[in-house]
Amino acid sequence: MLIPLLLLLGCGAGTPTPAAPVETSAPVSGSAAPPTAAAGLTPDPDFAADTNALYRVELAEATCPDLTVRQSVLSAERLSYLDDVLDCFVEAHAEPLAAYGMNVTKPRLVQAGEDEIVFCPESGPGDWAAHYCAVTRTITYRPDPGSFMLDPSADVFLLAHEFAHHLQAISGIWVDASLRHGMGRDPAATPKLELQAMCISAALAGRTPAALSDAALTREIRGLGGWGGHWVTTHGAPEQRADWAERGRSAVAEAYAGCNTWTS
Ligand SMILES: [Zn+2]
């Protein structure tokens, strides 16, 4: 069965040329998605967008304890470094999510223009820095050619945002959002998915001090308000972005309990 699914592109706040997401729609096989209900049926509550088990998952207070703190990472090494951080994100979630029947696989991480598998077409505003394709479970990273920033923390926050989309895909939120909440049809649905990703990414980044200091996280959350006005439709107003990110940052044991944008 083919169902409509949104492709969301990531957000590059905090970099010299803030970039952000775009969306388009693409078909995906239902077999690639976690258990969920067809439109009109009641989904398994643990996989539904508004009652998902992800909101009950408990994460360690600090993820990635073995990650080497890097103050500077050259652009040539950036993708490799982000891949190491991605390994930590996956490892941190594997066991907690397995307890709820969710299998946390590692998303592919590729540099823009170098991926041989291009399923999700690019559309919308062109100033994006990363995007996630739920169909191929791929994060595409597009470094800013004009940036000479050695500090990799902005890119870590960017990666956390795309990993948040990966969690939405794994947990069933993405598919349920498409089927029951009108994502792609209801203009209010897509910002809910994006604001949730901002909340989840701030919660995750706040638990990864080896890759993102407290000061860097504060800077990145403030930076969420600096995107161009053309991102409001899909990613909410600047104050909404900061608000949801702060909710994520203040999370306790249940890391994503405050990130339920579907019932707010
Ligand atoms: Zn996004």
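## Loop residue and helices

Gly-101 sits in the loop between helix H1 (75–98) and strand S3 (108–111). Its C-alpha atom is 9.2 Å from that of Asp-46, 55 residues away along the chain.

This is a predicted model, in which local features need pLDDT of at least 70, side-chain atom pairs count only at pLDDT 80 or more, and totals for chains, interfaces and linings use all residues. Numbering starts from 1 along each chain as its sequence is written.

The protein has seven helices and five strands, taken as DSSP runs (H or I, at least four residues, for helices; E, at least two, for strands) and numbered from the N terminus. Their order along the sequence is β-β-α-β-β-β-α-α-α-α-α-α. Of the 264 residues, 49% are buried.

Two helices are set out below; the expected span is 1.5 Å times one less than the number of residues.

| Helix | Residues | End-to-end C-alpha distance | Expected span |
|---|---|---|---|
| H7 | twelve residues | 17 Å | 16 Å |

In H4, 18 of 18 residues are buried. The buried residues of H7 include Arg-241, Trp-244 and Ala-245. Helix H4 (189–206), helix H5 (214–223) and helix H6 (232–235) are among the elements that cover them.

Key
Buried ≥ 20, exposed ≤ 12 C-beta atoms within 10 Å, placed from the backbone. Contact = placed C-beta atoms within 7 Å.
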